Amino acid sequence: MKPLGWWLLFVCVTCFHTSPILAIKRIIVNYSSQNLSSVPPGLEPSTEDLDLSLNRIQALSAKDFTTTPRLHFLNLSWNILEKIDTDAFNSTPALEILDLSHNRLQNLSNQPYLLKTGRLQLLDLSSNLFSIMALGREFSTLKHLQWLGLSAKSISNQDFTYITNLTLKTLFINAHSLQMYQENSLTEVHSEKAIIVLSKRDFDIAIAVDVFAAFKEVEFTLVDSEMKVIQHMHRRGILRTVSLEISKVETTWHVLTSCVNTILQSTIQQLSFSDLTMTKMENGMPLSTSRMLDSFSTTRASVTEFIFNQKELYDFFINMPARNVSLTQTPIIFMTCPLTVSQIEVLDLSDCALTENVFSVDPNTECTTLTNLLKLVLKGNNLKLLRPLTLRIHLMDSLQYIDLSQNKLTYSEEQGKCVWPPKVVQLDLSSNGFDQSVFKCLPDSIRILNLQNNRVTTVPSDLQVLDDLRILDLMDNRLLDLPTCQAFPNLQKLSVRSNSIHSPLPRALETCLHLKELDLSRNSFICTCALREFTTLIKDRVTRPKGESLGLTLGHWPEGYRCSYPESWRNSLLEDFYLPEISCNAWILSITILIPTITLIVAVSLLCNHLDVPWYLKMIWKWTRAKHNAITSQRKMEDLEGLRFHAFVSYSQKNADWVKSQFLPKLEGDYDLRVCHHERDFIPGKTIVQNILRCIEQSRRCVFVLSSHFVQSEWCHYELYFANHQRVTRGMDSIILILLEPLPLYLIPSKYYQLKAMMSRRTYLEWPPEGVKQKLFWANLRAALQADLPSPSEREE
């Protein structure tokens, strides 16, 4: 048989009675309701808490729990246990909680297995088949016992002899099946509290008299409708009880009010009712005000009649002579104002059906008799408008704590200005429908403000300054950013847990000079540059020594702070989030990129300049253009008729050496181009001008070798003039300039204005003195001159 499963969440374990007696938070191995007839074998040694309730286990053997030495809690209730071996718990020295209720055990004086359970703190043997209450000697060994549950058909004087040496916290007796009770039987038991499930028989009175005489705290369950146990409480004259709880009772209004008056004339200080049902709402007795209770509470009260004097009911509770009055989980829709100045200091009306008209005397008169009230709880009602509610309570001059949580309250400025009691220091407005407008309806004296689970998206900046506010709880709202402390200059504790804060701004935290505790957990942080500065500030303040004024305690740090975006940081702790300064500072990033870039550009420029790369690029560009021009301007064969030379060269006589030693050998010798050279190709007998014109007309290009000597030669000027004229006549780009040496424009005479114009707008070739560059120079010049000219004819005579 396998267990239903390990409960992977904390479970509250109680003893299944009217009030939680002992509660623990443990993980339980659950074998409940599996129709088991014996303890399942092979229990894990790590088992600490075991639930075997609601099965059909009949006996416990000595071997059942040998594998569970760490067993702490064992629930065997609602089985059919008849026999328990003496050594059944020999292997469970840690056992502290044992529930054997609702079984078939028969002899309370013979429970020897208890000798092996010396650490028991809770033992429940109620609702078995015990005939008499006689406890055996083994009970005296339970030195740590705090809670003991019993039941039997008969209770006699000597039945509890063996536990007189024990001091319990709670004694639970289920007398529902009791048939005989001997007076004074319970007076020898030492326990702080007694819980008695009554039988609704005549001996309930005897039990009650003994209980009132023996125990300080008493709880009666299943009281009869006439509440005889209360009416006869003074029969013996000895009353030790100071706290009385009565649960699960149905009675008339007359009986209830009479019994309350009886209690008010006793020494009882705390009185509470739960699961109270009232019938016949008439003939109520007026309250006795001769004595003041410490507390009076009623939980889950109901009335069976529909038509009755509700004011009488409300007046009965609100005029109760008690410092603490509580009426909770009861469907009342109104509460009256006390008839005289009330001594109530704490009033709890939570989980009812009250509206904001509560305490109102009439539409024009507010309650003036709750002036001693310090704490008012109206949690879980039907309150909707905050401002009218403040009018109901503003005359409660001593009021310091107000709980209006879990209602439907809203506030807008259209409702009007709120009026609060002058001494309110703590206000709970959690779980309502407030937005940021609620900050304009707060008491000036507020120190602690709870606005959990509302609809606040921001804290307005135009608020009245609340100098006294120390604690502000804005958990589970809709905040988009961390609120500033400009309106709360002395704030010490702030919670904005579970909001919509993605990238809080550091300036908000910088305004909170006195902040000591901050809870920002469970927000969806976007871990980008926008969050970097805030994270740095948080880490700095969290890690400062506590003695420093700026030290900060961060709630749920670091586990509650995780990145939600981007994916690379998703679910990472904010504590581990880091982006370098260079990634987020535009100036540093720009400088970091620009400096290496500029350095590289300068280095490349210097290297290029050193290697004359610009010159090579320029020459390659010229060669490319020359090739392109040669292709695009290629003329038909008939257009080249009459052309004998690829180029006519014009130069100053002082540059003749270069022309003869470099220019002509290269073009004519290496490239097989025909060059018109005046010393060789001018025809004798003709004038120089005639020869110049003839050579220009018969040459496809005119090459001018420029230098400082060129601009001083008259013939060179003529040749340039005729060539430019021929260019205009032919409509083609036929002039090529070669710069043999640097020639600034200011050195060119004004009559060479055409040359100035050409040099300023035309590309020219520069003669490089370095031999390695001259190959590219000749390649460019060849590309500009290359053409398929007709075969040369006979030279003109």
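Helix H11 (residues 656-670) and helix H16 (residues 771-785) pack at an angle of about 60°, and their axes lie 11 Å apart. The two helices are therefore oblique to each other, since angles under 35 degrees count as roughly parallel, over 145 as roughly antiparallel, 65 to 115 as roughly perpendicular and the rest as oblique. Axes here are lines fitted to C-alpha atoms, for helices over the stretch in contact, and angles run from 0 to 180 degrees between N-to-C directions. Helices (H or I, at least four residues) and strands (E, at least two) are DSSP runs, numbered from the N terminus.

The model is a predicted one, in which local features need pLDDT of at least 70 and side-chain atom pairs count only at pLDDT 80 or more, while totals for chains, interfaces and linings use all residues. Residues are numbered from 1 along each chain as its sequence is written, and side-chain values use heavy atoms, with hydrogens and water left out.

The crossing of H11 and H16 is right-handed; a crossing is left-handed if the near helix is turned anticlockwise from the far one by less than a right angle, and right-handed if clockwise. On the H11 side, Trp-658, Gln-662, Phe-663, Lys-666 and Leu-667 meet Trp-778, Leu-781 and Leu-785 of H16, where contact means heavy atoms within 4.5 Å. By class, this contact has 6 nonpolar, 1 polar and 1 charged residues. In that classification, Ala, Val, Leu, Ile, Met, Phe, Trp, Tyr, Cys and Pro count as nonpolar, Asp, Glu, Lys and Arg as charged, and the others, Gly among them, as polar.

The next element is a sheet. Five strands form an open sheet in the order S33-S32-S34-S35-S36, with parallel pairing. Strand S33 (675-676) and strand S36 (765-766) stand at the edges, each with a single partner strand, so one side of each has no neighbour in the sheet. Two strands pair if DSSP finds at least two bridges between them. Strand S32 (residues 645-650) pairs with S34 over 5 bridges, and with S33 over 2 bridges. Phe-648 stands opposite Cys-676 in S33, whereas the bridge partner of Val-649 is Val-703 in S34.

Strand S34 (residues 699-706) is mostly covered, with 8 of its 8 residues buried; buried means under 20% relative accessible area, exposed over 50%, and partly exposed in between (1.4 Å probe, protein chains only). S34 also pairs in the parallel sense with strand S35 (residues 735-739), over 5 bridges, and Val-705 stands opposite Ile-738 in S35. Helix H15 (residues 753-761) lies across S34 and S35, running at about 85° to S35.

Several loops hold backbone features of note. Most residues other than glycine have a negative phi, and most peptide bonds are trans. Trp-78, in the loop between strand S7 (73-75) and strand S8 (83-84), has a positive phi of about 60° although it is not a glycine. Trp-78 counts as partly exposed, at 47% relative accessibility. Ser-498 also has a positive phi, near 55°, and is found in the loop between strand S27 (493-495) and helix H6 (506-510). Ser-498 is buried, with a relative accessible area of 14%.

The bond from Trp-557 to Pro-558 is cis, with omega near 0°, and Pro-558 is found in the loop between strand S30 (553-554) and strand S31 (563-565). The bond from Tyr-565 to Pro-566 is likewise cis, with omega near 0°, and Pro-566 is found in the loop between S31 and helix H8 (581-584).
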